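Here is a quick tour of a protein chain, written for someone new to reading structures. Have a look at the model first, then work through the points below.

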Amino acid sequence: MHGDTRDQSTPVAETLGAPVAESAVRTDSDPRTDTAMPAPRAAGAVHEEQAEARHPGAEEGRTATPRRRATTTRRTAATATTAAKPAPAAATPAGTPGGTPSGKAPARKAPDRKAPDRKTPARKTAARKTTESDTVIGRIPVLDVSPLVDAGRRPAKAVVGESFPVTATVFREGHDAVNANVVLRDPRGRSGPWTPMRELAEGTDRWGAYVTPGAPGRWSYLVEAWSDPVATWRKAAAIKLPAGIDTALVLEEGARLLERAAAGVPKKEGRAHVLAAADSLRDPGLPPLSRLAAALAPEVLELLARYPLRELLSASRPLPLQVDRERALFGSWYEFFPRSEGAVVDPTGVEPPRSGTLRTAAERLPAVAAMGFDVVYLPPVHPIGRAFRKGPDNTLTAGPHDVGSPWAIGSPEGGHDAVHPDLGTIEDFDHFVAEAQALHLEVALDFALQCSPDHPWVNKHPEWFSHRADGTIAYAENPPKKYQDIYPINFDQDMDGIVKETLRLLRFWMSHGVRIFRVDNPHTKPVVFWEKVLADIARTDPDVVFLAEAFTRPAMMHTLGKIGFHQSYTYFTWRNDKTELTEYLTELTGDAAAYMRPNFFANTPDILHAYLQHGGRAAFAIRAVLAATLSPSYGVYAGFELYENEPAHPGSEEYLHSEKYELRPRDWNRTDTLAPLLTVLNRLRRRHPALQQLRDLRFLATDNDRVIAYSKTATTEDGLTDQVITVVNLDPHHAQEATVTLDGDGPHLVHDELTGAAYTWGRHNYVRLDPSAEPAHLLTVRRNPA
């Protein structure tokens, strides 16, 4: 069943550019000394951050307490990375919090080549009111931090190694320069090197940066903003010195600023360069512009970019960030019914059909692995009820040998914690999982919280079901459809009991090697129920991934993502033309990407879209390319590679001879299949980081609406830029021509991974795609860092 397929557009996140190099987590050492990790200390608890930024010395007082000193002894391997160069400690005046400036610098006499001694004031102990962070703007306003999920009550999402954008509005009064950075805090509360932000468009006051968490767990992030006195002086000096205005005063002010800034630059990192520039500003033997040139030397600018002098530091409140393992974002899924693999069906009907088993199904796994899939997904493997069992093609009357729907769970043989006797035993399930793991495949199991009338719960827990006026239990309905073989759960009579039983069932299958669950129809259960269940599993087993099969209204789909589901089915199946795809992907890769990760299934046992029914074999290739390159997670249901496209009847999205109701053995020895294309796509997805992320998707202009073009870009571990450009003919029946316009001028040497051809592309590029032979270009571009 799928519900309302209308979507709801959301704004697109600001463009921030590609992420760059990684860096390690700092320790709590004093950044003003010659330490190996001279990163600036992040602000403290949110209620103290903004207030203490206005009181010089408050945070430095904290660093002297035993609790903070204990933190410095627990130095561990790096767990955080940033998408920009490491931004270590700020050069600061005396008494600033944790090595970051706050307030005016003290007056200085003669230049001192040593980092000045600073007293540690007493720690402030008075508690702040809990409302302060919501009502007080810092000295430098930091507003509208994004991503922000449910006003910060729920975490934004990322996976290990994924770069995600953080943006904020930062400004101040007058004309003095401001700057900003992002601070990540790992699950242990340690702050990593902060990531410099940049103004996204001049004059907008909107700043942004990419940051990259390095380990699973609950992180947080905040934005710091500060007055940048060195940048303010540079701007004024560039105007006044050529005009001969206050020359001596401007040079002396610059020298003092550089001396203060030098205090935050470690000796081994080049403090002497900054001090030498300060000396040059005071050198009477040099012309004024030559003195200024010394302060603007590249090595000085680079050092002060890494170790800036920060004043009037202000910080946003920390926002939560849930970091999951990679499979929560990236993976290729393959769905098949174990009972059909190895099944024997007599076409004459004389002999009763014989079900395949988990052992025979395991024989299919090497072929699935050879196509490059990461996850093999199984429908429910539990006993199937006999009461009101459905026959072939969902008919109401089942024959004595009809197998029924796996989603009608429960019989005298057991319920959700049992294996259907036709499939084997729990030991056979364990064998299946072990075989999959040996092939580097993860097993995903369908979790359908519903029952057949024969389920043990019906007698043991009648309070878990809704009863009609005649005393009978209400079966599932989606009028005019009726599902007499399925009883839905009523959660309002014993929510706690159902939560407890659900957790028991999930942990049972987790103990048998299942770490991914595809949840059937979660939108028909209370959101608060899932919030309780998912939070409990995440507390003990954060590696377990949940995929929401929720084809329903946008509000419910988005909320399920916010409360803990790691992935979601989407409307992709019903988005087939250029406008639909562009608008929908713009939504998914915008603000929604902070909490909802799409999984693009090209087909499912429930959905055979008209595009596949009428588009022929080219339609299957087109949809495979789109699914595999637009979304980091995608999937196909068995038979897709065999081009199965016959509907139950005209206008239906159900398959004829649906595998949901009968055994369907297939001829896997056929040579005319889509398996070679799926193999290439999955191989490319593993090779190219650009295809493993969601957010950095750019649609390219084409002058033919039957042709869609887009690019994805990522930075590799070795610092190279990985870019994939995909051009697809959306018309499965006719060749189409178009001019594709790139964002940049080129020229670029591109390699078509589908055909092996190489091209030189500039800004405007002619393409012709014949769907019967070449429905798409999949072009890879790899450049060295600029």
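Which residue in strand 27 is the bridge partner of His751? It is Ala758, and you can find the pair where strand 26 meets strand 27. Before going further, know that this is a predicted model, where local features need pLDDT of at least 70, side-chain atom pairs count only at pLDDT 80 or more, and totals for chains, interfaces and linings use all residues. Residues are numbered from 1 along each chain as its sequence is written, and side-chain values use heavy atoms, with hydrogens and water left out.

**The whole chain**
- The protein chain has 19 helices and 29 strands; these are DSSP runs numbered from the N terminus, with at least four residues for helices (H or I) and at least two for strands (E).
- Out of 786 residues, 57% count as buried, where buried means under 20% relative accessible area, exposed means over 50%, and partly exposed is in between (1.4 Å probe, protein chains only).
- Among contacts (heavy atoms within 4.5 Å) with a separation of 6 or more, 77% link residues 24 or more positions apart.

**The hairpin**
- Strand 26 (residues 748-752) pairs with strand 27 (residues 758-761) in the antiparallel sense over four bridges; strands pair if DSSP finds at least two bridges between them.
- Five residues sit between the two strands of this hairpin, and Gly756 in the turn has a positive phi of about 90°.

**Around Ser227**
- Ser227 belongs to strand 9 (residues 217-227), and it counts as buried because its relative accessibility is 4%.
- Ala177 is 50 residues away from Ser227 along the chain, yet their C-alpha atoms are separated by 6.0 Å.
- Leaving aside neighbours within four places in sequence, Ser227 is in contact with several residues, including Ile140, Val178, Leu309 and Leu312.
- Arg172 is also on that contact list, and its side chain makes a polar contact with the side chain of Ser227 at 2.9 Å.
- A polar contact is a pair of N or O atoms within 3.5 Å; within protein, one must be able to donate a hydrogen and the other to accept it, and residues adjacent in sequence count only if both atoms are side-chain atoms.

**Nonpolar cores**
- In soluble globular proteins, nonpolar side chains tend to be buried together.
- A nonpolar core here is a set of buried Ala, Val, Leu, Ile, Met, Phe, Trp, Tyr and Cys residues joined through side-chain atoms within 4.5 Å.
- The largest one has 159 residues, and Phe432, Phe517 and Leu626 touch the most other members.
- Helix 18 (residues 610-630) gives the most to this core, with 12 residues.
- Not counting residues up to four places away in sequence, Phe432 touches residues including Phe336, Leu358, Val376 and Val443.
- There is also a second, separate core of 25 residues, with Leu241, Leu251, Leu275 and Leu303 among them.

- Most residues other than glycine have a negative phi, and most peptide bonds are trans.
- Ser146 and Pro147 are joined by a cis peptide bond, with omega about 10°, and Pro147 is in the loop between strand 2 and strand 3.
- Another cis peptide bond joins Pro479 and Pro480.
- Asp246 has a positive phi near 50° and counts as partly exposed, because its relative accessibility is 45%.
- Asn394 has a positive phi near 65°, and it sits in the loop between strand 13 and helix 12.
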